Amino acid sequence: FTISSPANAVIGRYNLTLLVTSGNKIYSRFLGQFVLLFNPWCPGDEVYMANENERQEYVLNENGIIFVGNAKYMEARGWYYGQFQDQLLNICLTMLDLSLYYRQDAAIDVSRRGDPKYVGRVISSMINGNDNDNGVLLGKWQGSFHSHENPSRWDGSVVILQKWRQDNYKPVQYGQCWVFAGVMCTVLRCLGIPTRLVSNFNSAHDVDRNLSIDKYYDSSGKSLNIGKDSTWDYHVWNESWFIRPDLGASYNGWQVLDATPQEQSK
């Protein structure tokens with residue numbers, strides 16, 4: 001027999017049971033489990049990507065380059081996504097079940113897992129451990145790293161995700177923006193959502209949403225430390241490919257997701 005699932009079906013683990021009716025008797029037999037994922041090859045799926053070369057790059061490629069550094073000295077770091085390695089899929093599916101969304105209302109959370117923008121937001125929250133939600137990584141940008149892993153030493157997602165699982169889902173120490181983005185890319189590709197990384201140099205961090213970076217000085221020209229806006233040497237985030245029926249066709253395509261913890265996004 002053939003199973004044909006709707007293009008917008010909820011992703012995750014399924015139990016397959018066969019019911020046989022004979023007269024007034026019903027027999028039940030458990031046949032096994034299967035996993036349903038987003039499908040970029042399916043034209044009806046919201047993550048459908050028409051170009052095969054792009055599917056090979058943004059879904060199937062397990063290796064990539066992340067650009068870091070500063071505008072005058074850009075460094076290319078190799079990164080191993082490893083989204084098809086053993087146990088990675090189980091880890092990624094468990095990540096969904098550990099989220100605050102699932103713990104607050106499991107039925108509603110699971111019912112929304114056919115929506116890539118919802119799944120993207122859940123994963124974005126779970127990649128960092130700043131919300132007391134068993135997230136994958138803790139961020140650290142200054143001070144000593146001698147008692148834990150220096151973020152600059154990571155070169156792939158697999159060892160981070162495996163360590164997270166082995167430590168009973170305690171956040172791995174430590175990550176910075178490119179590490180959060182690399183791990184997020186692994187998880188989303190593993191679930192079938194086409195995903196890439198974006199690096200931006202001289203990256204504006206505007207905390208009061210007035211679309212400007214504000215600096216304050218006294219009458220003698222001395223800098224005043226009263227504004228929290230800043231400009232980072234660089235920042236790395238993710239873009240995932242899916243349509244936006246909630247916003248209209250002009251917004252279809254690459255969607256920004258950023259797992260680096262700063263302000264809460266709600």
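Axes are lines fitted to C-alpha atoms, for helices over the stretch in contact, and angles run from 0 to 180 degrees between N-to-C directions. The legends below describe a predicted model, in which local features need pLDDT of at least 70, side-chain atom pairs count only at pLDDT 80 or more, and totals for chains, interfaces and linings use all residues. Residues are numbered from 1 along each chain as its sequence is written, and side-chain values use heavy atoms, with hydrogens and water left out.

**View 1. Crossing of helices α5 and α7.** Helix α5 covers residues 116-127 and helix α7 residues 177-190; their axes come within 10 Å and cross at roughly 140°. This angle makes α5 oblique to α7, where angles under 35 degrees count as roughly parallel, over 145 as roughly antiparallel, 65 to 115 as roughly perpendicular and the rest as oblique. The crossing of α5 past α7 is right-handed; a crossing is left-handed if the near helix is turned anticlockwise from the far one by less than a right angle, and right-handed if clockwise. Helices (H or I, at least four residues) and strands (E, at least two) are DSSP runs, numbered from the N terminus.

**View 2. Crossing of helices α2 and α6.** The axes of α2 and helix α6 (residues 158-166) come within 11 Å, with a crossing angle of roughly 55°. α2 and α6 are therefore oblique to each other. α2 passes α6 in a left-handed crossing. In the loop between β4 and α2 (88-98) lies Gln87. Gln87 has phi near 75°, a positive value in a residue other than glycine.

**View 3. The open sheet β7-β10-β11.** Three strands form an open sheet in the order β7-β10-β11, with antiparallel pairing; two strands pair if DSSP finds at least two bridges between them. β7 and β11 are the edge strands, each pairing on one side only. On average, neighbouring strands of this sheet are turned by 35° against each other, direction ignored. Strand β7 (residues 195-205) pairs with strand β10 (residues 230-242) over 10 bridges, and Ser199 has Val236 in β10 as its bridge partner. Between β10 and strand β11 (residues 253-257) there are five bridges, again antiparallel. Trp241 has Trp254 in β11 as its bridge partner, and Phe242 stands opposite Gly253 in β11.

**View 4. The second largest pocket.** The second largest pocket holds about 310 Å³ of space. Its lining has 13 residues, of which Trp141, Cys177, Trp232, Tyr234 and Gln262 are the closest to the centre. β10 gives the largest share of this lining, five residues. The lining of the second largest pocket divides into five nonpolar, seven polar and one charged residue. Ala, Val, Leu, Ile, Met, Phe, Trp, Tyr, Cys and Pro count as nonpolar, Asp, Glu, Lys and Arg as charged, and the others, Gly among them, as polar. On a 1 Å grid over the protein atoms alone, a pocket is an open set of points where a 1.4 Å probe fits, with protein on both sides within 12 Å along at least five of seven lines; lining residues have an atom within 4 Å of a point.

**View 5. The β3-β4 hairpin.** Strand β3 (residues 63-70) and strand β4 (residues 73-80) run antiparallel and are joined by eight bridges. The hairpin connects β3 to β4 through two residues. Asn70 has Tyr73 in β4 as its bridge partner.

**View 6. A cis peptide bond.** The peptide bond from Gln173 to Tyr174 is cis, with omega near 5°. Tyr174 belongs to strand β6 (residues 172-175).

Technical notes:
Grid points are joined across faces, edges and corners, and a volume is the space filled by probe spheres set on the points.
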